[in-house]
Amino acid sequence: MNLSVEEFQRILEGAVAGRHSDLETILELYLPLINRFSIVDGEIDEDLRQYLMIHIALNISKFVL
């Protein structure tokens with residue numbers, strides 16, 4: 001998904017404000033990175049992946065824009 005800087009900023013602002021569709025978009029954009037950091041012993045650890053996604057969702061409102 002290729003977004004312009006303006007589109008990404010609008011989506012991030014929406015996610016920070018609590019708009020669920022924008023949060024889903026942010027998680028989708030960062031899923032490859034989340035998956036990369038969820039690898040344990042050469043395989044994706046689903047519990048760790050879910051933990052990272054929940055952590056992002058719970059803390060995105062703390063972003064200062």
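Which element gives the largest share of the lining of the largest pocket? I will come to that after a short tour of the chain.

This is a predicted model, in which local features need pLDDT of at least 70 and side-chain atom pairs count only at pLDDT 80 or more, while totals for chains, interfaces and linings use all residues. Residues are numbered from 1 along each chain as its sequence is written, and side-chain values use heavy atoms, with hydrogens and water left out.

The protein chain has 3 helices and 2 strands, where helices (H or I, at least four residues) and strands (E, at least two) are DSSP runs numbered from the N terminus. Along the sequence the pattern reads α-α-β-β-α, and the C-alpha atoms fill a box of roughly 40 × 25 × 20 Å, taken along the principal axes.

Let me turn to the helix pairs. The axes of α1 and α2 come within 7 Å and cross at roughly 120°; axes here are lines fitted to C-alpha atoms, for helices over the stretch in contact, and angles run from 0 to 180 degrees between N-to-C directions. The two helices are therefore oblique to each other, given that angles under 35 degrees count as roughly parallel, over 145 as roughly antiparallel, 65 to 115 as roughly perpendicular and the rest as oblique. Their contact (heavy atoms within 4.5 Å) involves Phe8, Arg10, Ile11, Leu12, Gly14 and Ala15 of α1, together with Asp22, Leu23, Thr25, Ile26, Leu29 and Tyr30 of α2.

In the second pair, α2 and α3 pack at an angle of about 140°, with their axes 11 Å apart, which makes α2 oblique to α3 as well. Here Leu23, Leu27, Leu31, Ile34 and Asn35 in α2 meet Arg49, Leu52, Met53, Ile56 and Ala57 in α3.

Now to the pocket, an open set of points on a 1 Å grid over the protein atoms alone, where a 1.4 Å probe fits, with protein on both sides within 12 Å along at least five of seven lines; lining residues have an atom within 4 Å of a point. The largest pocket holds about 170 Å³ of space, a volume being the space filled by probe spheres set on the points, which are joined across faces, edges and corners. Its lining includes Phe8, Ile26, Tyr30, Leu52 and Phe63, and the elements giving two or more residues are α1 (5–17), α2 (20–36) and α3 (46–59).

To answer the opening question, α2 gives the largest share of that lining, 4 residues.
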